[in-house]
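Let's take a quick tour of a protein model, one topic at a time. Have the sequence and the 3D view ready.

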Amino acid sequence: AIDEWKKLLPDNINPAAMGIFIKVLCYIFIDCDAKNPCRRTIVSFFQSLNGCAQEQALEHLNKAMVDVLVNITAIHENTKKNAEDVNFRKHVDTVCSLLENFPIGEKCVSLRVSHVLKFLIMALEYQVDRESLVGTPALQTAAMLDCLVTIKATMNVLQKCKNEMTDLLGEDDIITSLLQRFVKVIVNVLKNESTDNIVRISALCRY
């Protein structure tokens with residue numbers, strides 16, 4: 001379907017239909033698993049759009065991302081619901097995909113950096129707690145890998161959104177609080193984990 005729409009670009013598509021199509025693609029992108037090839041196809045399609053259509057893509061992608069992250073945060077913070085119902089790793093991978101050679105995705109994250117950081121740090125805190133509770137070595141390794149991916153994603157956000165972070169630090173106490181929580185989790189992991197995991201985290205921090 002995307003290939004057929006590409007053939008029609010840029011002048012022969014009804015703007016309203018294009019807007020709906022872009023909106024649907026944004027929600028598909030956010031909902032896809034990390035390894036789903038649809039994501040790269042959608043990224044390629046968005047990057048082929050003209051300026052006005054790219055603005056639409058940014059608007060819809062931004063809304064789709066925020067809707068998901070706010071919903072996950074609400075579920076996690078609601079004590080009546082089980083955090084196991086939330087697939088944190090899937091949505092951490094979504095943040096990674098937004099930042100991977102995807103200018104519209106990077107801008108989307110930078111516009112909502114406080115939402116993204118809140119989700120990532122919440123996910124990391126949960127993953128670290130879960131890692132300390134699982135019993136078998138295999139499950140512990142899998143849980144720690146999830147932690148490492150989330151740490152890397154958070155570092156990537158901090159690196160790519162550093163200008164926005166600098167602007168927010170002077171006026172938003174939430175950002176300062178989130179960064180303090182992130183540092184606290186990293187310190188706790190470094191205190192409690194094996195040498196192998198410490199080496200991995202150190203490598204990610206250098207990245």
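Is Asp146 buried or exposed? Asp146 is buried, with a relative accessible area of 17%; buried means under 20% relative accessible area, exposed means over 50%, and partly exposed is in between, using a 1.4 Å probe and protein chains only. Before we go on, this is a predicted model: local features need pLDDT of at least 70, side-chain atom pairs count only at pLDDT 80 or more, and totals for chains, interfaces and linings use all residues. Residues are numbered from 1 along each chain as its sequence is written, and side-chain values use heavy atoms, leaving out hydrogens and water.

**The overall build**
- The chain has eleven helices and zero strands; helices (H or I, at least four residues) and strands (E, at least two) are DSSP runs, numbered from the N terminus.
- Of the 207 residues in the chain, 42% are buried.

**Salt bridges**
- Searching the whole structure turns up six salt bridges, each one a side-chain nitrogen of Lys or Arg within 4 Å of a carboxyl oxygen of Asp or Glu.
- Side chains of opposite charge can pair when their charged atoms come close.
- Arg89 pairs with Asp93, and their closest N and O atoms are 3.1 Å apart.
- Both Arg89 and Asp93 sit in helix α5, four residues apart, which is about one turn of the helix.
- Arg89 is partly exposed at 29%, whereas Asp93 counts as buried at 15% relative accessibility.
- Asp146 also forms a salt bridge with Arg89, with the closest N and O atoms 2.7 Å apart.
- Asp146 lies in helix α8 (residues 137–160) and Arg89 in helix α5, so this pair ties together parts that are 57 residues apart in sequence.
- Put together, Arg89, Asp93 and Asp146 are linked in a network of salt bridges.
- Elsewhere, Glu106 forms a salt bridge with Lys160, their closest N and O atoms being 3.4 Å apart.
- That pair links distant parts of the chain, with Glu106 in helix α6 (residues 103–111) and Lys160 in helix α8, 54 residues apart.
- Glu106 counts as partly exposed at 28% relative accessibility, and Lys160 is partly exposed with a relative accessible area of 36%.

**A spot in helix α2**
- Val24 lies in helix α2 (residues 15–31).
- With 43% relative accessibility, Val24 counts as partly exposed.
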